[in-house]
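Please go through the briefing below with the sequence and the model side by side. The points are grouped by topic.

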Amino acid sequence: MKPLLTGLLLLFLARVPAAPAATPELQEGVDYVRIEAGPLDPRAGRIEVAEVFAYTCPPCASFEPRLQEWKRRLPADVDLVQVPAAFGGASDTWARTYYASRQLGVATRSHPALFEALHQRHSLPRNPTPQELGEFFKDFGVDPERLRAALADPQVGEQVRKAGAWIRTIDLEGTPSLVVNGRYRVRGRDFDDMLRIAGALVARERAAMRSQTSR
């Protein structure tokens with residue numbers, strides 16, 4: 001080939017966008033485990049991604065900012081539902097704290113702050129008293145009496161019970177864990193891999209839902 005033609009060919013190839021890298025096929029048993037729990041909070045036409053977390057879990061604290069960044073990029077038909085690991089004992093105290101903070105309307109701010117208080121500032125013990133939690137929530141404009149009332153609210157207790165019962169159906173291996181539509185429990189080598197797998201499973205569920213509605 002003549003040098004001029006060779007140069008033009010190379011210039012053309014350089015301007016052609018590279019083909020996107022193929023997304024690796026998900027492997028059952030490696031990337032995810034198939035389960036039959038169903039969504040914790042099903043909504044018609046929606047895809048649920050549930051994160052099981054524990055406030056006292058250091059990996060959960062590290063995962064939280066990445067999860068929130070991922071949440072901001074989720075399609076409009078996806079719900080991220082955060083589920084406190086209610087295993088009984090102290091874990092139920094933290095689960096009550098999470099649901100009470102939601103009832104009080106401060107969870108968006110208090111949720112990341114609780115991780116920070118436990119794992120960075122060490123200003124809260126792993127098994128706090130109601131008084132210690134009351135002092136913490138003062139920073140979010142919550143009177144200690146209002147917090148105590150929310151912690152004791154039967155609705156909060158029912159949410160804790162429901163979360164604990166659901167967690168027992170997903171064969172939980174640890175926290176943090178992601179569950180897509182109550183059908184797939186995500187595995188993964190690291191946090192980024194977990195989010196990649198969850199995204200691929202969301203796409204799979206969306207395709208399945210569209211296929212059902214088109215019949």
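Not counting residues up to four places away in sequence, Asn181 touches Gly38, Pro39, Arg46, Ile47, Glu48, Glu205 and Met209, where contact means heavy atoms within 4.5 Å. Asn181 lies in the loop between β4 and β5 (184-186), and it counts as buried because its relative accessibility is 10%, buried being under 20% relative accessible area with a 1.4 Å probe and protein chains only. This is a predicted model, in which local features need pLDDT of at least 70 and side-chain atom pairs count only at pLDDT 80 or more, while totals for chains, interfaces and linings use all residues. Residues are numbered from 1 along each chain as its sequence is written, and side-chain values use heavy atoms, with hydrogens and water left out.

**Overall fold**
- The chain has eight helices and five strands, taken as DSSP runs of H or I with at least four residues for helices and of E with at least two for strands, numbered from the N terminus.
- Of the 215 residues of the chain, 42% count as buried, and among contacts with a separation of 6 or more, 70% come from residues 24 or more positions apart.

- Leaving aside neighbours within four places in sequence, Val83 is in contact with Leu40, Ala50, Glu51, Val52, Phe53, Tyr99, Ala163, Trp166 and Ile167.

**Helix α2**
- In α2 a kink of about 35 degrees lies at Glu64, shortly before the proline Pro65, the bend being the angle between axes fitted to the seven residues ending at a residue and the seven starting there.
- The buried residues of α2 are Cys60, Ala61, Phe63, Glu64, Leu67 and Trp70, and their cover includes β2, β3, α4, β4 (177-180) and α8 (191-213).

**Packing of α3 and α6**
- The axes of α3 (residues 90-103) and α6 (residues 144-152) come within 9 Å and cross at roughly 115 degrees, with axes fitted to C-alpha atoms over the stretch in contact and angles running from 0 to 180 degrees between N-to-C directions.
- In this pairing, Arg96, Thr97, Ala100 and Gln103 of α3 meet Ala150, Leu151 and Ala152 of α6.

Methods. Buried means under 20% relative accessible area, exposed over 50%, partly exposed in between (1.4 Å probe, protein chains only).
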